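Visitor: I'm new to this one and would like to learn how to read it. Could you walk me through it, feature by feature?

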Amino acid sequence: MKIGVGLIAAAVVCGISAAPVFAKTAKECTAEWRPDKAGMQAQGVTEKAYVEQCRLSAPLSC
């Protein structure tokens, strides 16, 4: 019973705290895009599209 309660508690804490901690901000994604701006534009990738994808693909550790 103690193990089950611990797992539930960990899942709740992970679910509440993981997204804000690990999600990249638009500012962080833009900072990643800018050094390769010319290369990205040559491939047809806009800053807006890159930032959207960057924010969606942030890793989750839970």
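Visitor: How exposed is Glu 47, and what cut-offs apply?

Guide: We go by relative accessible area: under 20% is buried, over 50% is exposed, and partly exposed sits in between (1.4 Å probe, protein chains only). Glu 47 comes out at 28%, so it counts as partly exposed. Keep in mind that this is a predicted model, where local features need pLDDT of at least 70 and side-chain atom pairs count only at pLDDT 80 or more, while totals for chains, interfaces and linings use all residues. Residues are numbered from 1 along each chain as its sequence is written, and side-chain values use heavy atoms, with hydrogens and water left out.

Visitor: Which residue does Glu 47 meet in a salt bridge?

Guide: A salt bridge here is a side-chain nitrogen of Lys or Arg within 4 Å of a carboxyl oxygen of Asp or Glu. Glu 47 pairs that way with Arg 34, at 4.0 Å from N to O. The two belong to distant parts of the chain, 13 residues apart: Arg 34 is in the loop between helix 2 and helix 3, and Glu 47 is in helix 4. Arg 34 has a relative accessible area of 55%, so it is exposed.

Visitor: How many salt bridges are there by this rule?

Guide: The count is 2. Lys 24 and Glu 32 form one of them, with their closest N and O atoms 2.6 Å apart. Lys 24 is partly exposed, at 27%, and Glu 32 is partly exposed too, at 35%.

Visitor: You mention helices. Which residues of helix 2 are buried?

Guide: Helices are DSSP runs of H or I, at least four residues long, and they're numbered from the N terminus. Helix 2 spans residues 26–33, and its buried residues are Cys 29, Thr 30 and Trp 33. They cover an arc of only 100° around the axis, so they sit on the same side of helix 2. That arc is taken from the directions from the helix axis to the C-beta atoms. Helix 3 (37–42) and helix 4 (47–56) are among what covers these buried residues.

Visitor: And what about helix 4: which residues are buried there?

Guide: Those are Tyr 50, Val 51 and Cys 54. Their arc is only 95° around the axis, which puts them on the same side of helix 4. The face turned away from that buried side carries the exposed residues Lys 48 and Leu 56. As for packing, the buried residues of helix 4 pack against helix 2 and helix 3.

Visitor: Is Cys 29 buried or exposed, and what is it in contact with?

Guide: Cys 29 has 0% relative accessibility, so it counts as buried. Contact means heavy atoms within 4.5 Å. Setting aside neighbours within four places in sequence, Cys 29 is in contact with Lys 24, Tyr 50, Val 51, Cys 54 and Arg 55. Take Tyr 50: it is 21 residues from Cys 29 in sequence, and the two are 7.6 Å apart in space, C-alpha to C-alpha.
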